[in-house]
Amino acid sequence: MSFLRRRKVTTDSSKSSNSESTSGKADDKRKQNKSSKRQSYTSKRWSCWDSCCWFIGFICSMWWFLLFLYNAVPASIPQYVTEAITGPLPDPPGVKLKKEGLTVNHPVVFVPGIVTGGLELWEGHHCAEGLFRKRLWGGSFGELYKRPLCWAEHMSLDNETGLDPPGIRVRPVSGLVAADYFAAGYFVWAVLIANLAQIGYEEKTMYMASYDWRLSFQNTEVRDQTLSRIKSNIELMVATNGGKKVVVIPHSMGVLYFLHFMKWVEAPTPMGGGGGSDWCAKHIKAIMNIGGPFLGVPKSVSGLFSIEARDIAVARAFAPGFLEKDVLGLQTFQHLMRMTRTWDSTMSMIPKGGDTIWGGLDWSPEGGGPGDFNCSAKKLKNNSTRNTGQNSNRNLGDMKSVNYGRIISFGKDVAEVHSSRIERVDFKDVVKGAKLAASSICDIWIEYNEMHNDAIKAVADYKIYTAGSILDLLHFVAPKLMARGGAHFSYGIADNLDDPKYGHYKYWSNPLETKLPNAPDMEIYSMYGVGIPTERAYVYKLTAQHDCYIPFQIDTYADGGSEDSCLKGGVFSADGDETVPVLSAGFMCAKGWRGKTRFNPSGIRTYIREYNHAPPANLLEGRGTQSGAHVDIMGNFALIEDIIRVAAGANGDDLGGDHVYSDIFKWSERINLKL
């Protein structure tokens with residue numbers, strides 16, 4: 001019995017231990033389940049948003065760390081590191097020329113181009129509260145990120161008048177700070193100003209002729225009296241510097257603006273400044289034009305037609321639909337098109353001279369065949385000196401002929417075949433029809449909303465647009481824009497420059513419809529970069545229809561099929577500075593104004609100074625000291641040295657005359673223009 005009791009106790013205890021064991025296992029299992037659930041829950045909570053936050057935090061941390069190093073490390077260390085890698089750095093031009101004994105002589109006047117001058121708010125709507133005299137354009141662009149729709153509203157001009165919208169006043173920043181830097185760390189005029197200061201220049205001998213670059217040139221006088229201010233400041237500088245004439249240095253669109261000024265200052269009041277025909281001869285020693293789009297730029301056509309250029313087209317193809325759709329409350333392309341199409345100044349850069357200058361259906365001055373610019377050629381690290389008459393060795397390999405005259409082609413095949421094989425339907429006879437049904441729900445009005453689908457198709461069916469037919473195209477798709485532009489700009493070639501009609505201000509910025517001043521002692525320089533593939537013509541396609549869309553787009557899939565091809569990403573490239581083709585920058589000084597011509601009756605001496613692009617050897621060089629790019633050339637040591645020498649008293653012959661790398665003289669001879 002005792003045995004049975006012990007066995008029962010043992011059995012009971014084993015059952016108890018088994019139950020406890022089972023219970024323990026169950027508890028462990030529950031704990032494991034809870035743990036796994038907790039881990040699963042934790043892993044599920046980590047999202048893409050977390051990754052983005054960590055990434056942004058990492059970037060910000062690195063930025064602050066690098067900023068700390070920049071401010072904490074002695075200034076000599078970056079220079080020491082650079083010299084250790086690249087060797088001793090050359091003296092900046094100002095330091096070099098100071099050692100040669102050059103000092104301040106002629107006062108200098110800077111004329112900035114489009115978008116590089118700062119604009120500030122003087123009056124705005126409620127959404128712009130707290131922004132009085134804060135920069136809306138230039139500087140940090142902080143307001144663009146904080147309140148983009150309000151920013152776009154205040155940067156736009158009135159669509160009917162081309163002047164201020166009701167309740168808004170945006171004005172140009174004054175002084176050298178107006179365009180020394182475009183944004184923090186991105187210089188425009190700052191390097192040139194600093195080098196001039198090395199030989200003694202200061203604000204009393206330097207003047208930034210800032211203006212509202214959005215306005216048509218004559219409207220800068222109507223609204224702000226800017227042309228009158230430039231005239232008065234130049235007269236003051238000459239009077240307070242012993243009668244020494246000024247050296248004027250315009251950049252980009254500022255070149256066209258100053259052409260307009262020279263005609264305005266001579267013209268009688270009230271349309272002109274009343275200075276008389278000898279004003280320029282009395283006040284200007286030289287005009288040193290940098291990157292001047294004298295005859296316009298094809299880039300302006302794509303900008304007005306589809307708010308695109310090469311880089312934007314690539315971004316648009318990389319994220320199709322993203323920039324057109326309503327992302328974070330901003331339909332980017334539509335807002336940009338509505339805003340920029342109120343900037344009348346953009347129409348000053350539409351190609352001038354028609355097919356005579358830019359080429360027709362089956363020819364162009366640049367040729368685009370063997371022996372012409374090769375878009376794949378490697379850029380030299382250092383410039384070499386070469387004078388007129390010598391051809392650079394950048395023309396490597398055999399090239400397929402390029403029809404540069406076809407500024408817009410709908411389809412790659414259309415861009416390449418002979419015009420006799422292309423069937424075209426004239427779009428001008430097509431009635432635009434009623435508004436698109438989708439336009440009634442569009443919050444952002446653009447002129448494409450007024451076009452019917454048949455009209456859009458007719459534009460594509462015309463297939464090819466040369467410089468001669470581009471104006472018809474723009475009048476068809478943007479009649480309001482071109483109506484304003486037609487009142488302020490002209491794009492033809494004058495038959496008789498003595499015709500009184502050319503006394504109107506709309507012709508003053510077109511060098512093919514005006515005469516240079518009667519100033520035989522004055523000099524005109526055309527200074528620009530070469531050796532960079534520059535937008536010259538485009539391949540377009542129709543875009544898929546959707547609400548409030550822009551119907552035309554650069555076809556980024558159109559490529560030439562070889563490394564040597566100048567067709568890449570839907571863009572045909574020619575030689576230039578990445579923005580202005582050589583043809584536009586160089587023709588007037590190479591032929592149109594060379595010697596005594598009907599455009600230059602007093603025989604003002606002209607010089608071409610080209611700067612072959614050499615990219616920076618390493619990141620420590622920043623944007624480089626031998627760059628030929630449209631804005632970066634403002635830091636090119638050779639260009640700065642040329643400017644300082646002329647400001648100090650030298651002339652074009654002292655610089656060595658023409659300094660040419662491209663085939664601008666050969667291309668100019670192919671243009672049949674009556675001189």
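In this predicted model, strand 14 (residues 523–530) and strand 19 run parallel and are joined by 8 bridges. Within this pairing, Ile 524 lies opposite Thr 606 of strand 19. Both strands belong to an open sheet of 6 strands, arranged in the order 7-1-8-9-14-19 with parallel pairing. The edges of this sheet are taken by strand 7 (206–208) and strand 19 (605–612), each of which has a single partner strand, so that one side of each is left without a neighbour in the sheet. From one strand to the next, the twist averages 15°.

Helix 9 (residues 226–240) lies across strand 1 (108–111), strand 7 and strand 8 (246–250), and its course is at about 175° to strand 7. Helix 10 (residues 253–266) likewise lies across strand 1 and strand 8, together with strand 9 (284–290), to which it runs at about 150°.

An open sheet is also formed by 3 strands in the order 3-2-4, and here the pairing is antiparallel. Its edge strands are strand 3 (135–137) and strand 4 (169–172), each of which pairs on one side only. Neighbouring strands of this sheet are turned against each other by 45° on average, when direction is ignored. Helix 6 (residues 148–155) packs on the sheet and touches strand 2, strand 3 and strand 4, its direction making about 80° with that of strand 3. Between strand 2 (residues 119–123) and strand 4, which run antiparallel, there are 4 bridges, and Glu 120 has Arg 171 in strand 4 as its bridge partner.

A further set of pairings involves strand 15 (residues 532–542), which is largely enclosed by the rest of the structure because 8 of its 11 residues are buried, that is, have under 20% relative accessible area. Strand 15 pairs with strand 12 (residues 408–410) in the parallel sense over 3 bridges, and in this pairing Val 539 of strand 15 is the bridge partner of Ser 409. With strand 18 (residues 571–576), by contrast, strand 15 pairs in the antiparallel sense over 6 bridges, where Thr 534 stands opposite Ala 574 of strand 18. Strand 16 (residues 552–554) also runs antiparallel to strand 15 and is joined to it by 3 bridges, with Tyr 540 placed opposite Ile 554 of strand 16.

Note on methods: Residues numbered from 1 in each chain as written. Predicted model: local features only at pLDDT ≥ 70, side-chain atom pairs only at ≥ 80, totals over all residues. Heavy atoms only, no water. Buried < 20%, exposed > 50% of the residue type's maximum accessible area, 1.4 Å probe, protein only. Helix = DSSP H or I, 4+ residues; strand = E, 2+ residues; numbered from the N terminus. Pairing = 2+ DSSP bridges. Axes fitted to C-alpha atoms, helices over the stretch in contact; angles between N-to-C directions. Contact = heavy atoms within 4.5 Å.
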